[in-house]
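Student: I am new to this structure. Can you walk me through how to read it?
Tutor: Take a look first, then ask.

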Amino acid sequence: MCFKTFFVIVYMFSFGACQRTPTISYISQEQIKDIGGTVELECSVQYAQDYPVLWMKVDRGRTLEPLPISTGSTLIIPDGRFSLRYDTASSTYTLQIKDIQETDAGYYQCQVIIALYNKIQAEVDLQVRRPPVISDNSTRSAIVSEGQKVSLECYANGYPLPRISWRRENNAILPTGGSIYRGHILNINSIRKEDRGTYYCVAENGVGKGARR
């Protein structure tokens with residue numbers, strides 16, 4: 001009886017001493033893709049044969065609960081654009097996303113669950129190029145008296161971050177001089193009658209045709 005108890009204790013200790021802690025040896029670098037394109041995200045793990053390996057989607061603001069995408073070599077998310085490959089030789093889990101949408105942007109985490117409250121993780125940032133969209137809080141119209149100061153504001157969303165410029169109708173000279181002013185806010189310190197007319201805010205980032213208002 002004493003011999004049996006001693007043997008079990010030694011066996012469990014030896015197993016614990018030889019057990020290696022799982023590691024993530026590789027995770028894809030930041031990915032920047034166009035809408036409609038394809039991306040492959042890779043995660044290589046070591047010593048994780050006996051542990052769950054998951055891909056999770058995390059929103060950019062980190063305000064929502066992470067969305068499980070896969071566990072092991074099994075895809076969870078019911079979306080035909082997603083697929084998963086597992087290479088046994090390199091222990092690499094490759095998550096592929098086709099027909100990329102704007103909503104696919106965010107952080108993709110590769111997680112290895114070691115215990116109930118213990119996990120290791122690494123993440124890759126997926127950026128999706130988006131054409132500029134001029135924000136509603138931009139100036140739509142301004143009514144001022146001669147001699148007053150007026151500020152025309154323009155803001156836009158998109159990725160990469162759009163460049164903002166101001167132009168007048170028919171490329172007329174701006175009150176600030178020149179036919180183009182680059183910046184979010186066009187300040188006219190003392191408005192004159194000849195300054196009246198249509199001013200255009202133009203947002204460009206190299207994606208699509210840009211936006212104008």
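**Disulfides, a sheet and a pocket**

Tutor: Start with a link: a disulfide joins Cys154 to Cys201, S to S 1.7 Å. This is a predicted model, where local features need pLDDT of at least 70 and side-chain atom pairs count only at pLDDT 80 or more, while totals for chains, interfaces and linings use all residues. Residues are numbered from 1 along each chain as its sequence is written, and side-chain values use heavy atoms, with hydrogens and water left out.

Student: What is a disulfide, and how many does the structure hold?
Tutor: A disulfide is a covalent bond between the sulfur atoms of two cysteines. Here the call needs a pair of cysteine sulfur atoms within 2.5 Å. The structure holds two.

Student: Where do Cys154 and Cys201 lie?
Tutor: Cys154 is in the loop between S11 and strand S12 (156–159), and Cys201 is in strand S16. They are 47 residues apart, so the pair links distant parts of the chain. Strands are DSSP runs of E, at least two residues, numbered from the N terminus.

Student: Which cysteines form the other link?
Tutor: Cys43 and Cys110, with sulfur atoms 1.9 Å apart. Cys43 lies in strand S3 (residues 39–46) and Cys110 in strand S9 (residues 106–115), so this pair ties together parts 67 residues apart in sequence. The link is left-handed, with -70° about the S-S bond.

Student: Is Cys43 buried or exposed?
Tutor: Buried means under 20% relative accessible area, exposed over 50%, partly exposed in between (1.4 Å probe, protein chains only). Cys43 is at 0% relative accessibility, so it counts as buried.

Student: What is the strand order in the open sheet?
Tutor: Two strands pair if DSSP finds at least two bridges between them. The four strands run S14-S13-S16-S17, with antiparallel pairing. Strand S14 (180–182) and strand S17 (211–212) are at the edges with a single partner strand each, so one side of each has no neighbour in the sheet. Two bridges join S16 (residues 199–204) to S17.

Student: How much space lies in the largest pocket?
Tutor: Rolling a probe the size of a water molecule over the atoms shows where empty space is left. On a 1 Å grid over the protein atoms alone, a pocket is an open set of points where a 1.4 Å probe fits, with protein on both sides within 12 Å along at least five of seven lines; lining residues have an atom within 4 Å of a point. The volume, the space filled by probe spheres set on the points, is about 470 Å³. Of its 24 lining residues, those closest to the centre include Leu152 and Tyr199.
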